[in-house]
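Reader: I'd like to go through this structure with you and ask what stands behind each label. Could you show it to me?

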Amino acid sequence: MLRLVMSLYDPLGLVASFVIHWKILIQEVWRTETDWDSNIPGEIATRWMEWLTVLKSMTGLRIPRCYFSGYDPSSYNNLELHVFVDASAQAYAAVAYFRIVDRGQIRVALVSSKTKVAPLRGLSIPRLELMAALLGARLRRTIEDNHRLKVTKTCFWSDSSTVCSWIKSDTRRYRQFVAFRVDEILSLSNIDEWKWISTKINVADEATKWGKGPSCNVDSRWFWGPDFLYEREEGWPMRPEEEERVDESDEELRAAVVCSHLVMQPVIDAERFSKFERLRNSTAYVYHFTNNLRTTRMDSPGTIGVTSKELQMAENLLWRIAQSEAFPEEVAILKREQDGKNSSRKQLPTSSGLVKLSPFVDDHGVLRVESRATDAQVLAYDTKFPIILPRKHRITELLLDFYHRKYGHANDETVVNEVRQKFHVSRLRVEVRLIRKRCMWCRVYKATPVAPKMGPLPAVRLEPFVRPFTYVGVDIFGPYSVKVGRTTVKRWVCLFTCLTIRAAHLEVVASLTTDACKKAIRRFIARRGSPQEIYSDNGTNFVGASRELQEETSRIHTELGSTFTNAQTQWKFNPPAAPHMGGCWERMVRAVKSALGSIPVMRKLDDESFATVLAEAESMVNSRPLTFIPLETADQESLTPNHFLLLSSNGVREPEKFPTDEGKALRSSWNQVKHTLDNFWRRWVVEYLPTIIRRTKWFQDVRPITIGDLVLVVDENIRNRWLRGRVIGTVPGKDGVTRRAEVQTSAGILKRPCTKLAVLDVEGSGDAQPEAKATRGGGCSPHSPLSVTHAPLYIQRAIREAPSVNNDDGQN
């Protein structure tokens, strides 16, 4: 069968009304699950033989491909395209014809057709008719795209009134199968182009129904079109008037689902309250008011204040409200069982979250857990039968917030333990943790600084081929006790470190005054030369020295000679309380202290001995290796700061032979020294520089501090009294990351690094929560986002008076 039928080549579908019946036969053979080598079943074999008989008669079939021979060219000005579509349970098809009026004579020609067998999965006839309509719309687009003839009018003919109704209706009312295909049909055609036709005169019916069997007669209507096309438009078929009045089809409509939901308004709206005490007392006052009305009517004086009984009644009402809103079905079933109306003893549904708790209703209508400790005499009733409260409910959140504040915002386990003595809340620890995160007091109390991502190294740390101590960091440490005569005085050490080669220079300072600092700097400049930039902490002595630096430097320049006459020195300060920004010299202070501790001293030193010890410590620090193992050879000594200062690690060099001529000797010595230093700098770039480029901490990006943030200014020297303030300015670094800011506090404007500023999260907890309504007297809602400028007095007192975060280690 396949070999014979596949020999037919009909890309235009001119004989599709014949070939489609072969496709239907192949599908029926497939449905009968006939093997390749088996005989075809009887009925299908009979129809197959009829099809072969018709196939033999096709040898004389001739179809002219010129649509209209001898036509008048002007007749194409009114070219019409008529597409007929039809479907059956076996197949669906579309066939198209051209129609013109040539010199008063109507002529019709077959253009193309397209047929398909129905899918194996059964579809309804209206759906198959819709598939045929879609096939016809696509055929129309193919014909227009492949012809240069301009079609002035197009008509689609279908014998399905349901399809015509779908095309002319709102597609959103129907199911997806219909809606999607109608949308595509309307994108390829217009609604006015679709017309109804009777099944008897629908020419596409030739391809979808077997009837008396397939026919290839050249005079059949398949090749020349239906008879009504040869008539004027007034004689074309029309849809009956009674069917024309039916606008929309009820078939394939979307199912309309009506949901009925009963919403019960609670007596007390818990969303209006921010504290459990206010909610409980307000409810109790309602009971108190109604009780006083009853006693007044009975000529009995009412009470003045709320009684404990009324408070207990208020609490029971709140528990019932929470349970009825969260477990309405369970409450209804258990109450019917308690009243004896549930004769069949209906069990709770297995999907309910209360099944494993074995709940029951007590005398006050409150759901409780039926535990196994019924006979425990030492336990209270609430402990043996805890009250069931739903999580994520407003009343439960207020209750947990009450316990959280009652126990001083302390450990969560304390709150969990106390709540479990009376209540059962699923996933209690999670709920308590959420309450703590939403608590405004805890946000203020537990605010901690967050260090931004470690910034790139400054350029002065990466500058090769410069004179040592061109870029200097300064710090003072001590004091050390020194014997002067019969008295003991204090001395400090002023450390100058080269930021490039990490060399150290030590000077003794008699006091921490600005004048003593200036003298130490003058001695340093006289011995090491004037630096271009000096970096230090924001100490008062350094600030005073910076003001007079230019005057003192210019005075020293006169004495040092022409080499440093034009040198300009700039002093740069780190923000206050930012020791990590001066880690370069802070680490050198530790190295010098270690060197001083390694020198044996039997008694107190005098000034001269102390200066000698400092010189030895300086030599030890400057002879330390900057790298572990040289990269070139293992026998080569490691690079040290002394290589740049003394041309060797210990300052001892072998004597060199110079030429007898003094000029040549000087040139040779200078070139050798320059060549040696250049080699050291190359080793510095290759061996030392790669060891300092990696970040050692603060790897992640964090939320930057912005103007307007409320912060705590961390100060390790003051416990529980950290200043509060608002950020009024930020100083971003070269990489755009803010690492220092200006803070407006009650003590004035302070400049601090971001590692010393703890941002107060008072704008919101990060959870999308509805805004709580205000209550009389204000209050801190456990989950509502609040702004400090509009916050109630409770929040403002929390920010002003809350105990501050303790940070004893001082590591930031």
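Author: What follows is a talk about labels and the values behind them. Bear in mind that this is a predicted model, where local features need pLDDT of at least 70, side-chain atom pairs count only at pLDDT 80 or more, and totals for chains, interfaces and linings use all residues. Residues are numbered from 1 along each chain as its sequence is written, and side-chain values use heavy atoms, with hydrogens and water left out.

Reader: Fine. How many helices and strands are there in the chain, and what makes something a helix or a strand?

Author: The chain has 25 helices and 19 strands. Both are DSSP runs numbered from the N terminus: helices are H or I with at least four residues, strands are E with at least two.

Reader: Why is V493 called buried?

Author: Its relative accessibility is 0%, and buried means under 20% relative accessible area (exposed is over 50%, partly exposed is in between, with a 1.4 Å probe and protein chains only). So V493 counts as buried. You'll find V493 in strand β11, residues 487-498. Over the chain of 812 residues, 44% count as buried.

Reader: What does V493 touch?

Author: Not counting residues up to four places away in sequence, V493 touches D475, I476, F477, Y480, L506, E507, F610 and L614. Contact here means heavy atoms within 4.5 Å. V493 and V589 are 96 residues apart in sequence, and their C-alpha atoms are 9.5 Å apart in space. For the chain, take the contacts between residues at least 6 apart in sequence: 67% of them join residues at least 24 apart.

Reader: Now the backbone. What makes H409 and F465 stand out?

Author: Each has a positive phi of about 55° although neither is a glycine. H409 sits in the loop between α14 (394-406) and α15 (412-420), while F465 is in the loop between α17 (440-445) and β10.

Reader: Is each of them buried or partly exposed, and how do you know?

Author: H409 has a relative accessible area of 15%, so it is buried. F465 comes out at 47%, so it counts as partly exposed.

Reader: And which peptide bond is cis?

Author: The one from G478 to P479, with omega near 5°. P479 lies in strand β10, residues 471-484.

Reader: What makes α14 and α16 roughly perpendicular, then?

Author: Their axes come within 10 Å and cross at roughly 70°. That value makes α14 roughly perpendicular to α16. E397, L400, D401 and H404 in α14 meet L428, E431, V432, I435, R436 and R438 in α16. These divide into four nonpolar, one polar and five charged residues.

Reader: Why does I435 count as buried?

Author: Its relative accessibility is 2%, so I435 counts as buried. I435 is in helix α16, residues 428-438.

Reader: Last one: how do you know that N316 is buried?

Author: N316 has 5% relative accessibility, so it counts as buried. N316 is found in helix α11, where the buried residues also include L317, L318 and W319. Leaving aside neighbours within four places in sequence, N316 is in contact with H364 and V366.

Terms used:
Axes fitted to C-alpha atoms, helices over the stretch in contact; angles between N-to-C directions. Parallel < 35°, antiparallel > 145°, perpendicular 65-115°, else oblique. Nonpolar A, V, L, I, M, F, W, Y, C, P; charged D, E, K, R; others polar.
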